[in-house]
Amino acid sequence: MNLHSIDAAVASGATRIVAQSIAFAYAPGELPYTEDAPLDVLAYPSVVRLEQLVLGCGLDGIVLRYGRLYGPNTWTMIPPEQAPVYVDAAAHAARLSMTHGRPGVYNIAEDDGTVAVAKARQELRWNQDFRSSLRDS
C-alpha cells in the first residue's frame, strides 16, 4: 500500500480502507500483545509506515494484524507455535472488516496467549474457528 493506492481509493469514493499487517511485529513486552502495544519500529519500519498511512489517510482505516498463516496453499498445514491463524479464518476477518468494526487495529490470530483477539471477536464478529465450506466443493 502506498500513497497512490490511497489517493485512488479516495478519488473513487471509497470510505473504508483495509490493510493486512503482521501480529509478530510487536516490540518485546508482556503477553498477550494488545492492539495498542508498541511495534518494533527498528525491526519493522515498513510495517509501521503502512499502518500509519492507513490509519491517517482520512478514510475509515482498518489494519488487520495477522498471526502466522497455516492451512492449504500456505507454507504449512501445521499451526505455528505462536499466534497461528488458519488461512480461512484470516480471509474471514478481511471479509468482515469491509462492513464491521470501527477504524483501528485488530489482531487476527488464534487465542494462544501471544496476541489478544477479543477486540476482533467483539467488533468484527470474527471467529478464529471459521473454515470455508467452499474448500470441499
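Analyst: Let us begin with a term for how much of a residue can be reached: buried means under 20% relative accessible area, exposed means over 50%, and partly exposed lies in between (1.4 Å probe, protein chains only). The model is predicted: local features need pLDDT of at least 70 and side-chain atom pairs count only at pLDDT 80 or more, while totals for chains, interfaces and linings use all residues. Residues are numbered from 1 along each chain as its sequence is written, and side-chain values use heavy atoms, leaving out hydrogens and water.

Now for the sheet. Its 3 strands run in the order E1-E2-E5, with parallel pairing, and the sheet is open. At its edges stand E1 (16–22) and E5 (104–108); each has a single partner strand, so one side of each has no neighbour in the sheet. From one strand to the next, the twist averages 20°. (Helices, H or I with at least four residues, and strands, E with at least two, are DSSP runs numbered from the N terminus; two strands pair if DSSP finds at least two bridges between them.) Strand E1 pairs with E2 (residues 60–66) in the parallel sense over 7 bridges, and in this pairing Arg16 stands opposite Asp60 of E2.

Helix H2 (residues 45–55) packs on this sheet and touches E1, E2 and E5, where contact means heavy atoms within 4.5 Å. The direction of H2 makes about 165° with that of E1; axes are lines fitted to C-alpha atoms, for helices over the stretch in contact, and angles run from 0 to 180 degrees between N-to-C directions. Among the buried residues of H2 are Val47, Leu50 and Val54, and what covers the buried residues of H2 includes helix H1 (3–11) as well as E1, E2 and E5.

Let us return to Arg16, which lies in strand E1. Arg16 counts as partly exposed because its relative accessible area is 21%. Leaving aside neighbours within four places in sequence, Arg16 is in contact with Asp60, Ile62, Ser97, Met98, Thr99, His100 and Gly101. Although Arg16 and Ser97 are 81 residues apart along the chain, their C-alpha atoms are separated by 9.2 Å. The Arg16 side chain reaches the backbone oxygen of Ser97 at 2.8 Å, and that of Gly101 at 2.8 Å. Such a polar contact is a pair of N or O atoms within 3.5 Å; within protein, one must be able to donate a hydrogen and the other to accept it, and residues adjacent in sequence count only if both atoms are side-chain atoms.

With a relative accessible area of 17%, Gln128 is buried, and a polar contact of 3.3 Å joins its side chain to that of Arg121.

Finally, here are some backbone details. Most residues other than glycine have a negative phi, and most peptide bonds are trans. A cis peptide bond joins Leu31 and Pro32, with omega about -5°, and Pro32 belongs to the loop between E1 and H2. Ala83, in the loop between E3 (68–70) and E4 (84–86), has a positive phi of about 55° and is buried at 1% relative accessibility. Arg125, in the segment after H4, has a positive phi of about 65°, yet Arg125 is exposed at 59% relative accessible area.
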